[in-house]
Amino acid sequence: MKKQLLVAAISAAFVAATATSAQAGALDDGNLSISGFGTLGVAQSNTNDVKFARYNQADGVGDSARLGLDTNLGLQATYKFNDWLSGTAQVLTRNATQGTFTTDLTWAFLKARINDEVSVRVGRVVVPTFLISDYQNVGYANNMMRPPIELYSQAPIENSDGADINFQRAFGDLNFTAQAFVGVSRGKLYVSSGTGSTATYRAPAAGISLAGEYGPFLLRVAHARADMKINDIQPINALTTTLNSVGLTQLASDITFTTGKKVAFTSIGGTMDWNNIVAQAEYAQRRAKEPVYLPDTNSWYTMVGYRFGKVLPYYMHASAKGEGSSVTKPAALSRIPALNAAVTNLLTAAEQTSDTVGVRWDFAKQVALKVQVDRVKPGAKSGLLINVPAAGYNKNVTVVAAGVDFVF
């Protein structure tokens, strides 16, 4: 029923957007402006042995067509109180950790404009971890159907309740932007191990993002740190109970998030739109700053395309690799082979590469059609696929998707 309601809402919004293209854009009534975005997409893969999903989705796609992978609907309202103070709220309906469509409050802040260069926001803001953090859920704003899971699955925090400060200044033809934030992130994480479960987290976080735009080129670097605390990761709790029962209490303490563990994420990325050549690339590192089961990783992707009028064909390659663990296994663990294997598997990063070809067609004002094919190649721990058989999965998976993105 929820899926049917979402499809109906998106279909209605799509019809409204195309029927009133002459008046497209934010609906503005005095000091209140309302806008929105959405994607109506369908996808399927060539197997039902495993599922392909976006990060933090409990229900992926198999060998039958599904709407849940890319379909979403977002609504945003901004009210301008005066020349220096405004408030913004955004809600987003999508398929996430519950395996069904749910609606979340993704933005909710007051913005104070200090001067032409500096502004401060207080409330819930998106954490500027990635190149496209601010608009990663807005399909129309992205050339590809979805952010590459190889990189965008490496940092679980999406928004933070706190404050940020933004600085913008033009130095000749160079537009420079800096953003720093501090706050507390709270949310749910889908744990794909075993039969799948959901855990809740709390993470005080802080970070900074620097960006420079020069003509058709943009470069952005970001660094964020969080003190992650998670009490209810069922597979980890079961393992630590066993470790404590055999006297490996320090190892049990090392691998868990129950006491809060510091994790850092650093990324650098850029975009280019020059003479019909479109390119986008990003590289990121995740590093645990205290012993914890979460492996260190390196991830990256590169996308290139060429625009023929309103049609943009593109190709992308993405990769996620493990870079070791922050946990040192005690020698005594080797005397318990089954437990040693379980811990070793836990500390191993999921590895995966993928090759993607697609095309985007902006066939109407503020509406785009996309068709995309992903060839996913799982490596260690069956890659980033979900609902994996106990014996693991190492076959390539092909995912075919099509969708209509719109803004209004």
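**Inside the fold**

A: Let's start with the largest nonpolar core, which has 33 residues, and Met228, Leu243, Ile255, Phe257 and Tyr293 make the most contacts inside it. Strands S8 (174-191), S9 (197-214) and S10 (217-230) each give two or more residues to this core, as do helices H3 (234-245), H4 (249-255) and H5 (337-346). A core here is a set of buried Ala, Val, Leu, Ile, Met, Phe, Trp, Tyr and Cys residues joined through side-chain atoms within 4.5 Å. Buried stands for under 20% relative accessible area, exposed for over 50%, and partly exposed for what's in between (1.4 Å probe, protein chains only). Helices (H or I, at least four residues) and strands (E, at least two) are DSSP runs, numbered from the N terminus.

A quick word on the ground rules: this is a predicted model, with local features needing pLDDT of at least 70 and side-chain atom pairs counted only at pLDDT 80 or more, while totals for chains, interfaces and linings use all residues. Residues are numbered from 1 along each chain as its sequence is written, and side-chain values use heavy atoms, with hydrogens and water left out.

Back to Leu243: neighbours within four places in sequence aside, Leu243 is in contact (heavy atoms within 4.5 Å) with Leu248, Thr249, Leu251, Ala252, Ile255, Leu333, Leu339 and Val343. Another core, of 30 residues, lies apart from the largest one, and Ile132, Val278, Ala284 and Leu312 are among its members.

Helix H3 also holds Thr241. Thr241 counts as exposed because its relative accessibility is 53%.

Now for the strands. Two of them pair if DSSP finds at least two bridges between them. S14 (residues 311-322) and S15 (residues 352-364) run antiparallel, joined by 10 bridges, and Met316 stands opposite Thr356 of S15. S15 then runs antiparallel to S16 over 11 bridges. Along that pairing, Val359 faces Val371 in S16, and Thr353 faces Lys377 in S16. The S15–S16 hairpin has 2 residues between the strands, and Gln366 takes a positive phi near 65° there.

S16 (residues 367-378) is also antiparallel to S17, with 10 bridges joining them. Val371 turns up again here, opposite Ala402 in S17, while Val373 has Val400 of S17 as its bridge partner. S17 (residues 397-407) is mostly covered, with 9 of its 11 residues buried. S17 pairs with S2 (residues 32-45) too, antiparallel over 9 bridges, and Gly41 stands opposite Gly403 in S17.

What about the gaps? Rolling a probe the size of a water molecule over the atoms shows where empty space is left. On a 1 Å grid over the protein atoms alone, a cavity is a set of points where a 1.4 Å probe fits but cannot get out, and a pocket is an open set with protein on both sides within 12 Å along at least five of seven lines; lining residues have an atom within 4 Å of a point. Points are joined across faces, edges and corners, and a volume is the space filled by probe spheres set on them.

There are 3 cavities of 30 Å³ or more. The largest cavity has a volume of about 100 Å³, and of its 13 lining residues, Gln90, Trp107, Val126, Asp134 and Asn137 are the closest to its centre. That lining has 5 nonpolar, 6 polar and 2 charged residues, where Ala, Val, Leu, Ile, Met, Phe, Trp, Tyr, Cys and Pro count as nonpolar, Asp, Glu, Lys and Arg as charged, and the others, Gly among them, as polar.

The second largest cavity holds about 80 Å³ of space. Phe52, Met144, Pro148, Met316 and Ser354 are among the residues that line it. Helix H2 (149-152) and S16 each give two or more residues to that lining, and S16 has the largest share, 3 residues. By class, the lining of the second largest cavity divides into 7 nonpolar, 2 polar and 3 charged residues.

Finally, the second largest pocket has a volume of about 1000 Å³. Its lining has 50 residues, and Asp134, Tyr135, Thr177, Glu213 and Leu218 are the closest to its centre. The lining of this pocket splits into 20 nonpolar, 19 polar and 11 charged residues.
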